[in-house]
Amino acid sequence: MVSNMFLSQMSIVIMCIGTVLIVLFLILLLVSGRKYQNLIEPLEEKEFPLHELYTFGLMIGDIFKLNFNSKKNVTRKKECELWYGRQYALYYLKIYHAKKITFAVLVFLLSFLLYGFTRESTILLMFIIMSVALYMYFGEELHNKIKVRSQQLLREFPEAVSQLALLVNAGMILREAWRKTAESGTGELHRQMRKAISNMDNGMSEIEAYSVFSQDCVVPEIKKFTSVLIQNLTKGNSEFCEMLKQQSNEIWMQRQALIKQQGEKAAAKLLIPSSIMFIGILIMIIVPIFSNM
């Protein structure tokens, strides 16, 4: 009886806390909506769903004076520079912080609402854990985007370099060979190559355009190739064609090694569920035997 009364009182306390937090959230959302509306207007719904609510996260960031110069945020800012450009890096860094804060708080508040309907403490705990997981997930969102793009660039890179080497060996100058290769595909690497061509057409020097291409692509293999390309272009090396051919062969070998490595990782990952299934089957066989004994 005492235990039931205690649980009932705890439920009332939890629901009261939840109600206060929800009211506070709505007040802050209303106030922040007026203050930060101009900051969220440029955001696209597809990339930033429910971005109208991010004003809450922006206000929380200002209230608690988030340090955007911390070691972790400096890394995140560099990632924003790679994805959105140096000019908008700090803006998007703040937006991603606002996004993770907003979604984490929304799920946290949802846990109190669901607890009010179900009175199940397990649901409350589960959604609180989920809110923490969301905060961490959205904190790594841009990093994961860059990682996926890097893998895509690496997949397209060997074929693009082979085509570039083939065109240069056929007598085409590098700039035109680069343009021809860039226009031959629709992937991320070809898009970055077309961006370099656009920079050249708009007055940027060829070497500077390749350098910007290297910085935007991030991938070490591409940076190394572009560095060798610029070095040979600057020196006017007579063995430029041979160098491109050699680079192409090296890149294909690297790709084969990478595919082999990824295959080994995939096999290792498959081993875990297979082991779990094997243990489950053993339990299903052994338990009835011992029960009969």
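This is a predicted model: local features need pLDDT of at least 70, side-chain atom pairs count only at pLDDT 80 or more; totals for chains, interfaces and linings use all residues.
Residues are numbered from 1 along each chain as its sequence is written, and side-chain values use heavy atoms, with hydrogens and water left out.

Q: Why is Valine 23 called partly exposed?
A: Valine 23 has a relative accessible area of 43%. Buried means under 20%, exposed over 50%, and partly exposed in between (1.4 Å probe, protein chains only); Valine 23 is therefore partly exposed. The residue is found in helix α1 (residues 2-40).

Q: What makes the lining of the largest cavity nonpolar, polar or charged?
A: Ala, Val, Leu, Ile, Met, Phe, Trp, Tyr, Cys and Pro count as nonpolar, Asp, Glu, Lys and Arg as charged, and the others, Gly among them, as polar. The lining consists of Phe157, Ala160, Val161, Leu164, Trp178, Leu189, Met193, Phe213 and Phe225. These divide into nine nonpolar, no polar and no charged residues.

Q: Which helix gives the largest share of the lining of the largest cavity?
A: The largest share, four residues, comes from α6.

Q: How is the lining of the largest pocket divided by class?
A: That lining has five nonpolar, four polar and nine charged residues.

Q: Which helix supplies the largest share of the lining of the largest pocket?
A: Helix α3 does, with five residues.

Notes: Helices (H or I, at least four residues) and strands (E, at least two) are DSSP runs, numbered from the N terminus. On a 1 Å grid over the protein atoms alone, a cavity is a set of points where a 1.4 Å probe fits but cannot get out, and a pocket is an open set with protein on both sides within 12 Å along at least five of seven lines; lining residues have an atom within 4 Å of a point.
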